[in-house]
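Hello,

Here is the structure I promised to pass on. Please open it first, then read my notes below.

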Amino acid sequence: MDGTSENLIEIIDLKYSRGSRVIFEDLNLTIKRGEITALMGPSGTGKTTLLRLITRQLVPQQGAIYINGVDIATLTQQELYQLRQQFGMLFQNGALLTDLNVFENVAFPLREHTKLTNRLIRHVVLTKLHAVGLRGAADMMPAELSGGMARRVALARAMVMDPEILIYDEPFVGLDPISMGVIVRLVRRMNDALGITSIVVSHDVAEVSTVADRSYLISDGKVAASGSPDELKTANSEVVRQFMHGMADGPVAFHFEAPNYAEQLLGRDSE
Amino acid sequence: MRALIRDTYDTVHEFVRTFGAFQLFFLRLLRHSPRIVMRRPGLVVTQIYNSGALSLVIIMVCGFFVGGVLGLQGYSNLARFNAEDSVGAVVALALLKELGPVITALLFAGRAGTALSSEIGLMKATDQLSAMEMMAVNPVRRILVPRFLGGVVAMPFLVAIFTCIGLFGAHIVSVDLLGVDVGAFWQQMQASVDINDVREGVIKSFVFGVVVSLLAVWEGYNAIPTAEGVGRATTRTVVISAIAVLILDFMITAVML
């Protein structure tokens with residue numbers, strides 16, 4: 001497989017379990033170069049776990065993950081770090097370094113991996129902060145930011161190295177409608193203008209539908225459905241219908257497994 | 001009976017495994033240390049400030065009062081044998097060989113060790129270490145090594161300062177307040193302290209610096225990433241450091257006598 005093939009990431013027969021709980025079984029998934037791929041699914045299906053597997057923060061028990069045709073399980077730590085320099089990742093809670101201010105947080109990857117002059121670093125960092133609308137917050141500490149602002153700073157940091165692959169873990173949670181609109185457009189624009197590949201994990205069906213080229217719906221450790229957002233909306237599968245339209249009744253149970261409600265309230269289960 | 005044997009086996013097995021992992025962790029820190037010292041000395045200097053300079057107040061206050069109480073006890077007990085002039089020698093030997101390194105190490109574990117553990121544990125709990133991994137920055141090298149080295153460098157200096165302030169405290173109490181002759185105080189000290197006593201103190205301070213800093217970063221790095229887990233790691237740092245320091249103190253003393 002050459003480095004310019006259409007498929008950037010291929011996941012083949014992935015199996016991953018934590019303790020006795022199987023999270024993924026026979027998961028197959030392909031992420032195409034230059035597209036925005038959404039990974040959707042009910043909470044608790046292991047979407048974040050899947051991201052950690054793709055970036056080899058976790059190692060699967062079975063199956064393989066190929067990035068650019070290379071099985072990432074075979075990489076040495078140095079090769080893995082080289083690969084990760086092509087990744088930008090936005091964590092769910094931002095994960096800003098709390099002992100550095102906003103400017104230094106965004107500058108962090110540049111200072112660690114490049115020998116750019118301070119002047120140039122300043123230029124790049126301010127450009128990225130401007131893109132997320134927080135140039136004015138450059139001197140603030142992470143503790144002074146709201147959750148949404150922290151996530152926007154983290155987005156600036158994720159894109160400061162001009163990565164090939166940008167991974168967003170729940171990027172739309174906690175953003176007000178204005179920031180949400182800006183961020184959604186930013187995700188789209190960066191993807192198209194810079195030719196990067198984006199992976200968006202989210203359960204926000206409406207927002208994902210406006211931005212994603214292709215969506216995978218993951219349920220019960222497998223891909224339940226895939227296709228463009230429009231295809232998913234009109235799909236016949238019950239799981240897909242329930243998820244896309246937010247229905248309480250369907251194959252995906254809202255309640256976590258529990259003993260009989262009436263019996264538990266009446267205290268019969270303790271007898 | 002069988003259950004007892006199995007439990008004992010499990011406990012021993014777990015202990016040996018943890019101890020092995022701890023040693024590997026130590027080697028890992030050492031392996032990355034030269035590079036950090038050569039290329040990013042600024043990171044280490046910041047941590048020397050955090051662990052060392054910020055511990056100065058507690059070290060100095062405690063040093064003064066430990067020295068003072070030694071002067072007081074030394075005077076009142078030696079006076080029974082009309083040997084109160086030797087108080088300088090007694091205080092100096094006690095501080096140099098034992099109390100300086102041991103009490104400083106215990107205070108250091110409480111002040112700087114807990115700060116290191118909770119900081120690293122919280123960085124883990126808030127995904128900061130994962131984020132670094134994702135930015136292709138090795139958190140062991142970028143976060144743990146400078147903090148470890150900062151503690152190792154700071155400790156001998158803190159012990160030296162503690163000992164000096166302790167002598168100052170003893171001087172104030174025994175000479176200025178209780179009237180021991182100032183000439184006898186210093187002369188007796190000079191006559192009975194030799195270079196081996198100083199060496200013992202320096203070796204202990206260095207060993208304790210390594211052990212306490214190592215335990216602090218180890219506990220922080222292996223903390224369960226929750227509020228409760230970080231709290232527990234912080235407590236363990238103090239408890240295990242105290243035990244380790246006292247056991248090692250006994251062993252080093254036994255070897256050096």
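Predicted model: local features only at pLDDT ≥ 70, side-chain atom pairs only at ≥ 80, totals over all residues.

Helix pair in chain B

Start with helix H2 (residues 41-51) and helix H6 (residues 139-177) of chain B. Their axes come within 8 Å and cross at roughly 55 degrees. The crossing of H2(B) past H6(B) is right-handed.

Which residues meet here? From H2(B) come Leu43(B), Val44(B), Gln47(B), Ile48(B), Asn50(B) and Ser51(B). H6(B) answers with Pro146(B), Arg147(B), Leu149(B), Gly150(B), Gly151(B), Val153(B) and Ala154(B). By type, the residues of this contact are seven nonpolar, five polar and one charged.

Helix H9 of chain B

Helix H9 of chain B holds 30 residues, 227-256. At 1.5 Å a residue, H9(B) should span 44 Å. Its end C-alpha atoms are 43 Å apart, which agrees.

Which residues of H9(B) are buried? They are Val230(B), Ala233(B), Thr234(B), Thr237(B), Ser241(B) and Val245(B). These buried residues pack against two helices of chain B, H4 (87-125) and H8 (195-221).

Contact between the chains

Chain A gives 16 residues to the contact with chain B, and chain B gives ten. On the side of chain B that touches chain A, five residues are nonpolar, three are polar and two are charged.

Best wishes

Note on methods
Residues numbered from 1 in each chain as written. Chains lettered and ligands numbered in written order. Axes fitted to C-alpha atoms, helices over the stretch in contact; angles between N-to-C directions. Helix = DSSP H or I, 4+ residues; strand = E, 2+ residues; numbered from the N terminus. Left-handed = near helix turned anticlockwise from the far one by under 90°. Contact = placed C-beta atoms within 7 Å. Nonpolar A, V, L, I, M, F, W, Y, C, P; charged D, E, K, R; others polar. Expected span 1.5 Å × (residues − 1). Buried ≥ 20, exposed ≤ 12 C-beta atoms within 10 Å, placed from the backbone.
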